[in-house]
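Here's a quick tour of one protein model, with a helix and a couple of residues as the stops. Have the 3D view open and follow along.

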Amino acid sequence: MTHPQVHGPHDRTLRAAAAFFDRRRFLTATGAAAALAFGTNLPAAGAARSAQAPPRALAENPFTLGVASGDPLPWGVVLWTRLAPRPYEPWPGNGLPEGWVPVQWEIARDERFARVVRRGIASAYPEFNHTVHVDVLGLQPDRVYYYRFRAGPWISPPGRTRTAPAPDSLPYEMRLAAVSCQAYHDGYFTALGHLANEDVDAVFHLGDYLYEYAVSATGGARAHTGRTLPEWFAKETVTLEDYRLRYALYKSDPDLQAAHAAFPWFVTWDDHETENNYAGGGDASGVPADELLIRRAAAYRAYWENQPLRRPQLPQGPDMTLYRRFHYGRLAQFDILDTRQYRTAQAYRGRWHHPGPESQDPARTLTGATQERWLLDGFRRSRATWNVIPQQVVFSRRRNNATGTSALSMDAWDGYPVSRDRVLAGASAAGIENLLVLTGDVHVHYAMDIKADWDDPTSRTLGTELVTSSVSSGRDGSPRPDNWSALMTANPHLRFYDGRRGYLTVRLDAEEARADFKTVDSVTAPGAALTTAASFVTEAGDPGLRET
């Protein structure tokens, strides 16, 4: 077979893996599909090989997976959709014709599309699973827009988006939501349905957009009664086709579609978009590095295809630059991190473990050296009132008992304490007064003060960490999990802990940040009501959480 063209730090490893691809039988796809899994560029050559589909070839509605927008700038935003008449079936054979499909798009100032300001035609290529990414430019800052697509005779549902304020402006406020961890097999995305009715400017997804685990014919805890899922969902995702189909399953959820259509999203991944607890090019189960990189290439490709991301985020084989920076005028700077792709392998095999020489090695890093320099450089150049870090794993120290030397999570920043110290030292040296960390991963709500000395509750508070619970992962939760008393006692800087499913909203202005922790009591049955479990504020220039 012809070796796929791969560019990036893992080029040599992937070439070796490709040479032994058939022998290893790691991916159950053809050699062509394997090459596609770590192809590197938009299909200039592929487009030449693919003829345009006949104009009347779309006999079924292709907009079954909704629409989305993301990564808004003052002058533009990314629009996304995917053509999939029968989304649970692989292509070819899912209702789409052979070849690429022209897709019209338009963006307007009003819901009726009477004042269209931009329009054009994009191409949905089979090489990219008929996904569409339109980087719309020429828009006005801090404006609400409406958008839609058309393919053949079919018109998509409309979406609503919003551009960021002008770079030097001083917005009165920003309202955001943070979500994470939406396991389809653990329950309904009820929280996202409620989120779609919120008044926010943008949504930050902090990882675990999907899970690689098998989903039963009845949808796991959802216990579908009126339909049966195809058998290929009842296995772990490994190949590019596996990941593509799993995104189709998730994106068919009406609550997820509603939340995407209501607001622009900023996305970053955690581990389950690829494999549980992987670290860089390795994992705890001992899978050879070349096999993991092939799987990572497939997962990263499918992630880019199915998210509203720009061309610079297009993966180069198993490498994808997902960390990036955005501004909301001079009110807030957002440094979105990737704490999976570049990290050193977890100490002590990733188990909860007492701090020791392995975890405290200064050479260990959660972000990688390049991303760390980028983050600290951004601190030094920031002119924003609030410096916000949307990222994946718990940043603050988290002991699990109050006596003696407690074990800590080796997968979180506790397993990389010197890396965390460097970030905090860099923020302090840059004069960052209002540091706000947004976190997902742990399927619970936390509100935490970031302390200069974790062992001294009276030490200076350096910032605030707000941890959002899961959308559905962990199934139905409870307000006070079994370890609630132990964690609250062992961690004086932990100001709030709730184990129910939900999401977080944050309002930023020049004076304070306000956090509202939203919860639902059940996800194993649809329709649970939304409640606000707690609200906290932290004042600009005087960090420290205060319940309201």
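Let's start with helix α9, which covers residues 369–381 and has 13 residues. From its first C-alpha to its last, α9 reaches 18 Å, close to the 18 Å expected at 1.5 Å a residue. Keep in mind that this is a predicted model.

**Around helix α9**
- Which residues of α9 are buried? They are Gln371, Glu372, Trp374, Leu375, Leu376, Gly378 and Phe379.
- The cover over those buried residues includes the strands β12 (324–328), β13 (332–336), β14 (386–390) and β15 (435–439), along with helix α10 (417–429).
- In general, an α-helix has 3.6 residues a turn, so residues three or four places apart point the same way.

**Leu545 in strand β22**
- You'll find Leu545 in strand β22, which runs over residues 542–547.
- Leu545 counts as buried because its relative accessible area is 6%, and the cut-off for buried is under 20%.
- Setting aside neighbours within four places in sequence, Leu545 is in contact with Ala447, Met448, Asp449, Thr464, Leu466, Arg495, Phe536, Val537 and Thr538.
- How far is Leu545 from Arg373? The two are 172 residues apart in sequence and 29 Å apart in space, C-alpha to C-alpha.

**Thr505 in strand β19**
- Thr505 sits in strand β19, residues 501–509.
- With a relative accessible area of 8%, Thr505 is buried too.
- Not counting residues up to four places away in sequence, Thr505 touches Leu176, Ala177, Glu198, Val200, Arg514, Ala515, Asp516 and Lys518.

Technical notes
Residues numbered from 1 in each chain as written. Predicted model: local features only at pLDDT ≥ 70, side-chain atom pairs only at ≥ 80, totals over all residues. Heavy atoms only, no water. Helix = DSSP H or I, 4+ residues; strand = E, 2+ residues; numbered from the N terminus. Expected span 1.5 Å × (residues − 1). Buried < 20%, exposed > 50% of the residue type's maximum accessible area, 1.4 Å probe, protein only. Contact = heavy atoms within 4.5 Å.
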